[in-house]
Amino acid sequence: MPIAFTLSHDLSSQTERLRISEIFHSLQGETSRIGLPTVFVRLTGCPLRCGYCDSAYAFHGGRMMSLDAIIEQVQSFGAPYVCVTGGEPLAQRGVLALLTRLCDLGLSVSLETSGALPIGEVDPRVSRIVDIKTPGSGEVERNLWENLPLLTPHDELKFVLVHRSDYEWARDLLREYPLEALCPVVFSPVWESCRPAELAQWVLEDRLPVRVQVQLHKILWGDRPGV
């Protein structure tokens, strides 16, 4: 019995603590919430290695924090919007409990996820921002297509586009499958390699039902952590 209790206690503690890369207050730079003052909770670790990743510093390091400590820090900023991101936040099982607790506080919560891990257990009050990985990411084979039927109008799909070939791949996918009927669809150019004006022109020429979006935080503060 004492051994069984210890094992159970250890498993419980694993789900009540998360490895956190950073928690900070900024403007949301992406999604339909762009420009809104938001608290970002960035978790450490990711099983993917997209070639354009702008948060590779979160692959390693960070510090273990209890859910209570995370929530206390989130609340200290007094913002109504919270974005849980990574890394890949769903790689840490305990994030599900964190998302639910944030929602229980009456906060408007979004989750940014790679689309490579199941989203079905995420609290339905959370707005799930799900990537579809393009060939240019180097991780296209990791797309978990089973996630798509789970999406609702409360969620969003995001294509990060490296170049024209990525755009054409995404365009053809939308022509074959009307993903915009599931939820809003966002096309976001990679900061260094896909010119936003060109992407805008392609979307207009092809009359795609998508939102073109640049990363506001990089325009305001450059490509650095914690903003």
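**Close-up 1. Arg-195 and Glu-198 form a salt bridge.** In this predicted model, the closest N and O atoms of Arg-195 and Glu-198 are 3.6 Å apart. A salt bridge is defined here as a side-chain nitrogen of Lys or Arg within 4 Å of a carboxyl oxygen of Asp or Glu. Arg-195 is exposed, with a relative accessibility of 54%, whereas Glu-198 is partly exposed at 35%. The terms refer to relative accessible area: buried means under 20%, exposed over 50%, and partly exposed in between (1.4 Å probe, protein chains only).

**Close-up 2. Salt bridges with shared partners build one network.** The residues joined in this way are Glu-30, Asp-131, Lys-133 and Lys-158. In total, the structure holds 15 salt bridges. Side chains of opposite charge can pair when their charged atoms come close.

**Close-up 3. Arg-171 and Asp-206 meet in a salt bridge.** The N to O distance between their side chains is 3.5 Å. The pair links distant parts of the chain, 35 residues apart: Arg-171 lies in helix H4 (residues 164-176) and Asp-206 in helix H5 (residues 196-206). Helices are DSSP runs (H or I) of at least four residues, numbered from the N terminus. Arg-171 is buried, at 13% relative accessible area, while Asp-206 is partly exposed, at 22%.

**Close-up 4. Asp-123 pairs with Arg-125 in a salt bridge.** Their closest N and O atoms are separated by 2.9 Å. Asp-123 is buried at 11% relative accessible area, and Arg-125 is partly exposed at 40%.

**Notes.** Residues are numbered from 1 along each chain as its sequence is written, and side-chain values use heavy atoms, leaving out hydrogens and water. Local features need pLDDT of at least 70, side-chain atom pairs count only at pLDDT 80 or more, and totals for chains, interfaces and linings use all residues.

Methods. Helix = DSSP H or I, 4+ residues; strand = E, 2+ residues; numbered from the N terminus.
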